[in-house]
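Reader: I would like a close look at one part of this model, with the packing described in plain terms.

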Amino acid sequence: MKKVTLFLLIFALIVGGFFLWRFLKADKATPEEVFDDYVKQFSEQDYDAMLHAISEGELEEYDYDKKSFTDKYDAIFSGMEASTITVLSKELLYDEDIEAYEGSFKVKIHTFLGEILASYQTAFTKVDTEEGEAWKVKWNPSLILPGMEKGDKVSVQTYLPKRGEIRDRNGNPLAVNADVYDMGIIPGELGNSKEASIKKLSSAFDIPEETFNKALDKKWVTKDSFVPIATMPVDFKPESITGKDLPGVTFQTGKTRYYPEKESSAHLIGYVKEVTGEDLEKDTDHVYNEGDYIGKAGLEEVYEKRLRGKKGGIIQIKSETGKQKSIIKEVEAVDGENINLTIDSALQSEIYETMKKDAGAVTAMHPLTGEMLALVSYPSIDPNLMVGGMTDEQWKSYSENPKLPFLNRFSSLYAPGSTFKAITAAVGLTVGTTFPEKKREITGLQWKKDNSWGGYYVTRVKDAPSVDMVDALAYSDNIYFAQEALEMGAEKFEEQAIEFGFKEDYKLPIYLKKSQLSNKGINTEVLLADSAYGQGEVLMSPVHLGTAFTPFVNDGNMVMPVLLADEKAQPRKSVISSDVANTVKEALIQVVERESGTAHNLKTTKAVLGAKTGTAELKSKKGEDGSENGFAVIFDADSPSILLTAIVEDVKNRGGSHYVTDKMKPVLDDYLAAEKQ
């Protein structure tokens with residue numbers, strides 16, 4: 001028992017001695033250790049830990065206590081957005097003449113304006129503590145930033161860049177920075193009943209009471225603060241509410257992102273919104289701050305870096321009276337880059353208006369240059385509502401709309417239906433199976449190769465006993481093209497058809513879903529027959545479908561789409577021979593010229609048009625009844641200036657593809673008339 005007690009006593013003495021040694025060593029640290037610790041804690045921005053190395057007496061001389069010391073450092077370095085402080089060098093010397101230590105160190109401070117180099121000088125003093133004398137840093141304000149003196153302040157100001165604008169081919173605005181009024185509240189002017197006043201304001205401005213209450217409950221709000229509530233519409237005038245007795249309401253001028261074309265260009269241009277916490281977490285380069293705006297969709301998001309510009313600012317030391325003493329760092333803001341598109345906003349707007357009441361998409365391109373003239377998806381949203389935030393009612397009207405206004409249809413995939421027959425004709429002419437004079441004798445409206453197809457038939461709408469290629473395109477004969485595809489075989493069909501843009505990288509600044517000729521290859525005769533007239537598993541975006549028709553206008557060369565006005569066009573790709581291209585083009589002209597052609601309603605004296613129409617059935621199983629999408633691809637043939645691709649959803653019992661061409665005819669007439677002026 002005595003041995004155990006003696007052992008525990010010895011152990012306690014050893015442990016206690018160790019901690020006493022550590023305690024005395026800490027209090028009697030050498031100047032070198034104090035200096036190293038101070039520089040380390042400063043570089044790590046651990047201001048509380050720095051206090052251990054500083055003489056409290058020196059702090060009191062400059063009117064600081066421990067809390068105001070750490071608050072001062074934190075305010076200055078967080079205001080500068082000092083992400084890191086890197087120690088470049090440090091040196092401690094002993095001056096024998098004055099019997100004192102002097103330290104110096106140089107750091108690189110990474111701020112929102114870039115790097116700042118700062119050189120610091122430190123002196124040391126011995127102070128009396130409860131444990132005896134100890135070395136401490138002799139602190140002064142120049143150890144915050146070189147050049148600071150008692151009473152000085154550090155002023156940090158951000159210079160905001162102007163966000164670049166997006167304009168169309170004619171310089172018309174698609175996304176601009178507009179002057180607006182910010183409506184806000186002065187809390188002290190709400191009157192005796194805050195609740196009643198907010199209720200009245202909520203009704204007057206159609207803004208939920210909760211929005212007012214949340215804004216007024218923020219910590220920084222005082223009775224005299226301007227508390228922003230909402231950005232008013234661009235056309236709002238403050239005088240419009242004169243005499244309405246709206247307590248506490250006041251206005252300040254501001255800027256907002258504004259989209260003049262509203263819904264017509266929303267899916268293309270996108271919108272900006274205030275950064276979220278998630279955005280700030282992803283922002284490893286510390287580009288954004290709370291309250292900044294960032295592109296959230298469309299070209300606003302794709303070209304965010306080019307559009308946003310680069311912030312500038314100034315970090316300066318000011319005297320207690322506010323007079324500038326020195327500039328630590330100043331960088332001018334760099335405005336964002338303007339983006340000019342090939343889009344014709346007048347055409348874009350007219351197409352959007354034409355599409356009203358129907359879900360679908362329309363693209364228009366210049367078939368010789370590839371310039372995109374319009375990219376329309378209907379229905380759409382007003383991007384101006386996204387900038388400031390929608391009301392619950394506005395969000396509900398969009399989110400519950402069965403036509404899905406948030407869906408971008410011009411980049412979505414559709415079975416192209418009979419428009420694909422132009423490609424099948426070109427493939428057949430190329431491989432030698434098809435030629436214009438070749439006739440196929442077909443009886444009735446249904447056909448199948450043999451009994452191996454079971455109960456499946458290919459159907460057509462016109463009972464023509466003798467059909468050649470031009471007839472088949474003009475009347476849109478499914479059976480003719482199914483038989484042609486079966487004769488050429490799946491391998492040749494796939495090899496040639498896939499060259500019409502199925503493997504291309506379109507290099508557009510918009511997201512395009514990847515088109516497909518089939519899921520895993522055309523491996524059955526039925527699938528080959530269906531593919532020949534644009535059904536089966538064929539899926540194409542409207543942008544791709546339009547691009548696939550450019551060889552018929554360009555002597556067999558496919559022109560890739562371009563969206564930026566200053567962007568160099570991609571090299572043309574030879575897809576078919578000039579002879580094949582012109583043969584198909586002449587047949588597509590007959591689709592319009594012949595009275596029985598499926599696009600004869602497009603015929604005009606303004607130009608010679610070529611076109612291919614189509615419908616695509618949507619059903620889960622063969623033989624079932626389903627809805628139909630209607631298609632039309634149209635171009636002016638003599639002096640090509642526009643190639644228009646339109647898809648309208650759910651056209652069954654509404655005229656099919658004729659419904660589509662009827663909608664597009666006024667657009668084409670207006671555009672072609674304007675081109676001749």
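Which orientation do helix 6 and helix 7 have to each other?

Author: This is a predicted model, in which local features need pLDDT of at least 70 and side-chain atom pairs count only at pLDDT 80 or more, while totals for chains, interfaces and linings use all residues. Residues are numbered from 1 along each chain as its sequence is written, and side-chain values use heavy atoms, with hydrogens and water left out.

Two packed helices are described by the angle between their axes and the distance between the axes. Helix 6 (residues 194-205) and helix 7 (residues 209-216) pack at about 130°, with their axes 8 Å apart. Helices here are DSSP runs of H or I with at least four residues, strands are runs of E with at least two, and both are numbered from the N terminus. Axes are lines fitted to C-alpha atoms, for helices over the stretch in contact, and angles run from 0 to 180 degrees between N-to-C directions. Helix 6 and helix 7 are therefore oblique to each other (under 35 degrees is roughly parallel, over 145 roughly antiparallel, 65 to 115 roughly perpendicular, and the rest oblique).

The contact (heavy atoms within 4.5 Å) is made by Lys194, Ile198, Lys199, Leu201 and Ser202 of helix 6 and by Glu209, Phe212, Asn213 and Leu216 of helix 7. These residues divide into 4 nonpolar, 2 polar and 3 charged. Ala, Val, Leu, Ile, Met, Phe, Trp, Tyr, Cys and Pro count as nonpolar, Asp, Glu, Lys and Arg as charged, and the others, Gly among them, as polar.

With helix 18 (residues 490-497), helix 15 (residues 421-431) packs at about 115°, the axes being 9 Å apart. Helix 15 and helix 18 are therefore roughly perpendicular to each other, and helix 15 passes helix 18 in a right-handed crossing. Helix 15 contributes Ile423, Thr424, Val427, Thr430 and Val431 to the contact, and helix 18 contributes Lys492, Phe493, Gln496 and Ala497. By class, there are 5 nonpolar, 3 polar and 1 charged residues in the contact of helix 15 with helix 18.

With helix 17 (residues 478-488), helix 15 packs at about 35°, with axes 10 Å apart, and the crossing is left-handed. On the helix 15 side the contact is made by Lys421, Thr424, Ala425, Val427, Gly428 and Val431, and on the helix 17 side by Asn478, Phe481 and Met488. The contact of helix 15 with helix 17 divides into 5 nonpolar, 3 polar and 1 charged.

Two backbone details in loops complete the account. A cis peptide bond, with omega about 0°, joins Tyr378 and Pro379, and Pro379 lies in the loop between strand 16 (372-378) and helix 13 (383-388). Glu81 is not a glycine, although its phi is positive at about 55°; Glu81 lies in the loop between helix 5 (66-79) and strand 1 (84-95).

How values were computed. A crossing is left-handed if the near helix is turned anticlockwise from the far one by less than a right angle, and right-handed if clockwise.
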